[in-house]
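Let's walk through this model together, one question at a time. Have the viewer ready.

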Amino acid sequence: MNDYQTPVPADLPERIQHYIDGESVDSAEGGTFEVLNPVTNETYIHAAAGTKADVDRAVAAARRAFETGPWREMLPRERSRVLHRIADLVEDRGDRLAELESFDSGLPITQALGQARRAAENFRFFADLIVAQADDVYKVPGRQVNYVSRKPIGVAGLITPWNTPFMLESWKLAPALAAGNSVVLKPAEFTPLSASLWAGIFAEAGLPTGVFNLVNGLGEQAGDALVKHPEVPLISFTGESSTGQTIFANAAPALKGLSMELGGKSPAVVFADADLEAAINATVFGVFSLNGERCTAGSRILVERSIYDEFVERYAAQAKRVKVGFPHERETEVGALVHPEHFEKVMSYIEIGKGEGRLVAGGGRPEGFPTGNFVAPTVFADVPSEARIFQEEIFGPVVAITPFDSEEEALELANDTKYGLAAYIWTNDLKRSHNFAQSVQAGMVWLNSNNVRDLRTPFGGVKASGLGHEGGYRSLDFYTDQQAVHINLGEVHNPVFGKAD
Ligand code: NAD
């Protein structure tokens, strides 16, 4: 118990270690870092701080498992069975997983439970996909048959952020493993707790030793060593756009395969003909769920002038009713932000916003939470497009609302940031919705919907929001080499050089 008298999960490990070649180990150099409880900001555990030496060991184990182990040679059906067992175990342990995730990250428990279910679903999805997969054959009648031979690539380096950590790890682990690769996972240093459950789950499900390795640590040390390791041909990264730029540069000398899921400042565009009730509910959820620490948050709401005043009034009233509370309480809708550094960042944007827009809800700490990383759902109206709170990713429960007069202006505003991850369009005009969707610069668009994603669809952003797409078969494309094999069926097509006269 702490000042707030909130509970600590039972049976926390004594410390968080790496998992290399089937064993839990401390850092070779003995270093650790502190992990904080976001409700109190007290250190509740120490985690192993990986350095190059640990990454070297993990990559060597993964490489060995890839080259000599059974995993990549197994039939898709056999690998699929292991992946389904992983999904079963994640489901069975969903409550524990969510309890740890919510405690470590500050996410509301009900939302952490939803993320645990999604993590299981990711494994189930790729387990099914690899047995259903067919590859392309191209025929040239009478002359050639060409087919695609898909092969795992080797050791995939997976680097993940602290928002919905376990779920985002599953998003990379499931396709990387399904395709037959070995992996080294480097989870975010703010939230290493739930990742420590993977080792037990994988071992129990029968994943061969060495296929999964985990190195904890700071991005600039453990993450950097993984990105620069010559025997890691693939890096799948989710995180901030600026970190993505650094990783891109560091991976360039070895010409690595890169998948980059980066930041966002996604617009929700509400036209006057929209179902206003549904649009308000969706846009409140769209920015305040997951504490606003959500890459696809609709953090800029653009509203047609004729409904603007009503929208702002109703939106602000609803935002004020959003229930801020302790992460473990089931009625909590917004919990505690992940870390005091992030809390300070979000609070500094709120102060900036007070000079850039009209504050209509929130604006600081919620009542009754004098300490810890709690932020009241905050709404700014009349925000001009040049404002920093319109342009920059805040990654907290803060939203900017801006009016528009015409469809053209709405599109201009929607596209007027460096990001391009998602867009949400609210209108009942069929033509307008599709035309807008095609012109908006976003990797993913939802029409009259919140962020509800079919796992088969591509996921990714344009502009500063990312490079490449994962999701469905595209994830398997990233984690496999697609070799083209050409077979001659007819005359050898062969211009003869140096022909004898
Ligand atoms: P971050 O970029 O600070 O860190 C992400 C990961 O990268 C962490 O594991 C970190 O340790 C590691 N890292 C940091 N510096 C590194 C380096 N030099 N080399 C290698 N690894 C390094 O991001 P964050 O603050 O943890 O996460 C929030 C960000 O993630 C937001 O911008 C959010 O939009 C983005 N995000 C994007 C998506 C998406 O799918 N597009 C999903 C979730 C989060």
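Q: How many helices and strands does the chain have?
A: This is a predicted model, where local features need pLDDT of at least 70, side-chain atom pairs count only at pLDDT 80 or more, and totals for chains, interfaces and linings use all residues. Residues are numbered from 1 along each chain as its sequence is written, and side-chain values use heavy atoms, with hydrogens and water left out. Helices (H or I, at least four residues) and strands (E, at least two) are DSSP runs numbered from the N terminus. The secondary structure comes to 15 helices and 20 strands.

Q: What radius of gyration does the chain have, and why does it agree with a compact globule?
A: The radius is taken over C-alpha atoms, and the globule rule is 2.2 Å times the number of residues to the power 0.38. With 501 residues, that rule puts a compact globule near 23 Å, which agrees with the chain's 24 Å.

Q: Which residues of helix 7 are buried?
A: Buried means under 20% relative accessible area, exposed over 50%, and partly exposed in between (1.4 Å probe, protein chains only). Cover for the buried residues of helix 7 includes helix 1 (52-68) and strand 10 (234-238). Within helix 7 (residues 219-228), the buried ones are Ala222, Gly223, Ala225, Leu226 and Val227.

Q: Which residues does Pro384 contact, leaving aside its neighbours within four places in sequence?
A: Pro384 sits in the loop between strand 15 (378-381) and helix 12 (388-391), and it counts as partly exposed because its relative accessibility is 31%. Taking contact as heavy atoms within 4.5 Å, Pro384 touches, beyond those neighbours, Glu356 and Phe390.
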